[in-house]
Amino acid sequence: MPCRITLLSDRGSWLNRDLPKLIGALWQRGHAVRWIHDSAQLAPGDVCLLLSCSRLLSAEQLALHRHNLVVHESALPQGQGWSPMTWQILEGASRIPITLFEATAALDAGPIYLQQQIALQGHELVEEWRALQSQATLELCLAWFDRYREIVAGGQAQQGEASHYCRRRPADSQLDPEHSLAEQFNMLRVVDNQRYPAFFH
């Protein structure tokens with residue numbers, strides 16, 4: 001059934017360059033899509049996709065849509081918070097879970113609809129693993145619309161102990177000249193040379 005979809009993403013997000021692919025695929029499926037970068041522009045609709053959106057919506061804003069969907073790169077409730085893929089690469093993870101879930105007023109706490117894994121070889125730099133993340137994000141979103149009734153009926157509440165990642169800052173890209181590049185290779189994999197480049201004193 002055709003839906004009225006709102007796509008909300010941060011204005012400066014790297015994911016914005018790939019979101020037109022998702023919009024085109026949704027149009028081909030007969031859905032109407034409105035893409036915005038400011039939550040103040042939210043209007044009533046059927047589904048709100050919160051993709052690379054760093055703002056929490058209020059209960060009133062969430063009520064504007066029947067569903068509010070988020071894609072998050074962790075095995076929720078573990079890894080709630082910000083930049084989960086970056087933090088897990090820094091931890092040495094080779095498989096990153098990615099989760100599509102229903103947004104609630106609490107951060108990253110809603111019921112889970114879909115999950116899959118992003119496999120890493122250990123050499124991918126930021127543009128390479130972002131491409132994998134983007135592909136998985138689009139696949140999860142389209143699967144949700146293609147199998148809507150089945151997936152919503154199978155939604156599961158998050159279970160287990162929650163953990164939380166903090167927001168990354170430019171200072172988190174600092175290298176230690178006393179350590180080898182090999183020891184800090186994962187740091188070099190996650191830095192963004194434009195927004196938060198690696199540096200040392």
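User: Is C141 buried or exposed, and what is its relative accessible area?

Analyst: This is a predicted model. Buried means under 20% relative accessible area. C141 falls under that cut-off and is buried, with a relative accessible area of 1%.

User: Which cysteine sulfur is nearest to that of C141, and how many disulfides does the count come to?

Analyst: A disulfide needs two cysteine sulfur atoms within 2.5 Å. The nearest cysteine sulfur to C141 is that of C48, 11 Å away, and C141 is in no disulfide. For C166, the closest cysteine sulfur is in C53, at 19 Å, which is too far for a bond. The count of disulfides comes to 0.

User: What is the strand order of the open sheet, and which strands stand at its edges?

Analyst: The open sheet has 6 strands with mixed pairing, in the order β2-β1-β3-β4-β6-β7. Each edge strand has a single partner strand, so one side of it is left without a neighbour in the sheet. The strands at the edges are β2 and β7.

User: In which sense do β1 and β2 pair, and what is the handedness of the β-α-β unit they make with α1?

Analyst: Strand β1 (residues 4-8) and strand β2 (residues 32-36) pair over 5 bridges in the parallel sense. Within this pairing, L8 stands opposite I36.

User: Which strands does helix α4 lie across, and at what angle does it run to β7?

Analyst: Helix α4 covers residues 126-146 and lies across β1, β3, β4, β6 and β7. Its direction runs to that of β7 at about 150°.

User: Where is the cis peptide bond from L76 to P77 placed, and what is its omega?

Analyst: P77 is in the loop between β4 and β5 (80-81). The peptide bond from L76 to P77 is cis, with omega near 10°.

User: D108 has a positive phi; is D108 buried or exposed, and what is its relative accessibility?

Analyst: D108 is in the loop between β6 and β7. Its phi is near 50°, a positive value in a residue other than glycine. The cut-off for buried is under 20%, so D108 counts as buried, at a relative accessibility of 9%.

Definitions and conventions. Residues numbered from 1 in each chain as written. Predicted model: local features only at pLDDT ≥ 70, side-chain atom pairs only at ≥ 80, totals over all residues. Heavy atoms only, no water. Buried < 20%, exposed > 50% of the residue type's maximum accessible area, 1.4 Å probe, protein only. Pairing = 2+ DSSP bridges. Helix = DSSP H or I, 4+ residues; strand = E, 2+ residues; numbered from the N terminus. Contact = heavy atoms within 4.5 Å. Axes fitted to C-alpha atoms, helices over the stretch in contact; angles between N-to-C directions.
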